[in-house]
Amino acid sequence: MTKPPRKPSKPLLGEADALLRSRPRRRRDPDQPNLALDPMPDRVEPCLALLKARPPKGDDWVYEIKWDGYRLSVHIEPTGIRILTRGGHDWTDRFPAIKQAALWLPVGTAILDGEAVVLDEQGRSDFGLLQRSLGGRGGKKSSSDAIFMAFDLLYFDGHDLRNSELGMRRHVLEDLVPAGEQGDIRLSEEIEADGDQLLASACELDLEGIIAKQRRAPYRSGRGGDWVKVKCVQSDGFIIVGYEKSGSAFGQIGSLLLSARKAGELIYVGSVGTGFNERSASELREAMDKIKVPAPAVKYPGLRKNVVWIKPTLVAEVEYRAWTDDEKLRHASYKGLRDVQDNAVVYMMK
């Protein structure tokens with residue numbers, strides 16, 4: 001399914017811009033004036049993908065696989081490496097292999113945008129495996145299994161690339177992180193295909209979905225529509241407000257009771273009772289039992305027994321197929337807990 005990235009037919013840079021590429025440092029001629037370089041941003045708010053039901057069409061769009069992990073930016077700075085989460089938290093020490101791989105890249109300064117993932121035996125990104133490698137939600141472990149899938153380059157050897165077209169940024173990125181390399185920093189390759197056919201292939205392979213990006217767009221922070229995500233199965237964050245006890249289930253969790261936001265309030269959107277394993281259920285039960293409360297944080301229909309209510313602070317990532325007419329989740333499955341450091345987003349009802 002995957003093809004090598006396209007090779008542009010003409011060089012990206014003219015001779016006047018040759019200093020954009022990394023070269024061994026030489027002593028500067030004192031008679032030569034200093035060249036103006038762009039200041040390196042301390043942090044860049046990420047460009048976020050807008051969720052759509054179908055892939056966009058047209059030659060202006062290029063496609064990639066959607067990775068299921070933690071969004072990170074890798075900063076290669078004169079003083080060392082910094083690895084920041086989407087929310088700006090410094091997780092450098094939690095990804096030592098990615099840090100070491102960044103030190104080896106042939107560049108003086110750079111900011112790479114991408115996703116930390118752990119791959120399963122079939123080469124698919126698995127969010128649960130990533131969380132376990134980091135010690136679970138709230139854990140403090142370092143992951144030696146996580147790799148970084150780089151899909152954009154925002155800064156390169158003194159040049160801010162955010163106002164450049166995606167095609168130009170990708171061209172420099174592909175020189176820095178060549179396609180097909182299997183290190184701890186890898187290229188998230190562009191795939192030349194029809195969007196609908198690529199989505200169908202991704203879903204057949206049990207991948208999360210695809211990302212479409214406008215080829216000529218600059219890098220704009222926020223969810224502006226230059227990037228679009230299309231999922232095989234819907235997956236969103238929901239606040240856990242309680243759980244139903246069951247003596248026969250993992251962690252004695254029969255189901256989690258979930259809520260979403262609507263007009264500034266929490267509303268009950270149903271429950272999820274599948275997707276747990278012994279370890280995840282045990283960790284989840286331990287976290288919930290620390291925040292028990294006597295009354296629910298939402299209006300609850302009262303149809304379940306043996307319910308334990310908790311403070312609405314934990315965000316569960318849940319896969320689901322659809323919504324019922326009365327705004328309840330259908331065919332829901334638990335994927336894991338989202339971390340505050342990952343800017344856990346709660347589903348907003350319209």
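**Figure 1. Strands S3 and S4 in the lining of the largest cavity.** In this predicted model, strand S3 (70–77) and strand S4 (80–85) each contribute at least two residues to the lining of the largest cavity. The greatest contribution comes from S3, which supplies three residues. The lining comprises 13 residues in total. Those nearest the centre of the cavity are Val44, Pro46, Leu72, Ser73 and Asp113.

Figure 2. Two cavities of 30 Å³ or more are counted in the model. The largest cavity has a volume of about 90 Å³. Sorted by class, its lining holds six nonpolar residues, five charged residues and two polar residues.

**Figure 3. The open sheet of four strands.** The strands of this open sheet follow the order S1-S10-S9-S2, and their pairing is mixed. Strand S1 (50–51) and strand S2 (61–65) form the edges, each pairing on one side only. The parallel part of the sheet shown here is the pair formed by S1 and strand S10 (residues 227–231), joined by two bridges. Within this pair, leucine 51 is placed opposite lysine 229 of S10.

**Figure 4. Antiparallel pairing on both sides of strand S9.** Strand S9 pairs with S2 over five bridges in the antiparallel sense. In this pair, tryptophan 61 faces glutamine 214 of S9. The pairing of S9 with S10 is likewise antiparallel and also extends over five bridges. Here glycine 209 stands opposite lysine 231, a residue of S10.

Figure 5. How many of the six residues of S9 are buried? Five of them are buried, and S9 is therefore largely enclosed by the rest of the structure.

**Figure 6. The protein as the setting for the close-up views.** The protein contains five helices and 19 strands. Of its 350 residues, 48% are buried.

How values were computed:
Residues numbered from 1 in each chain as written. Predicted model: local features only at pLDDT ≥ 70, side-chain atom pairs only at ≥ 80, totals over all residues. Heavy atoms only, no water. Pairing = 2+ DSSP bridges. 1 Å grid on protein atoms, 1.4 Å probe; cavity = no way out; pocket = protein on both sides within 12 Å on 5 of 7 lines; lining within 4 Å. Points joined across faces, edges and corners; volume = space filled by probe spheres on them. Nonpolar A, V, L, I, M, F, W, Y, C, P; charged D, E, K, R; others polar. Buried < 20%, exposed > 50% of the residue type's maximum accessible area, 1.4 Å probe, protein only.
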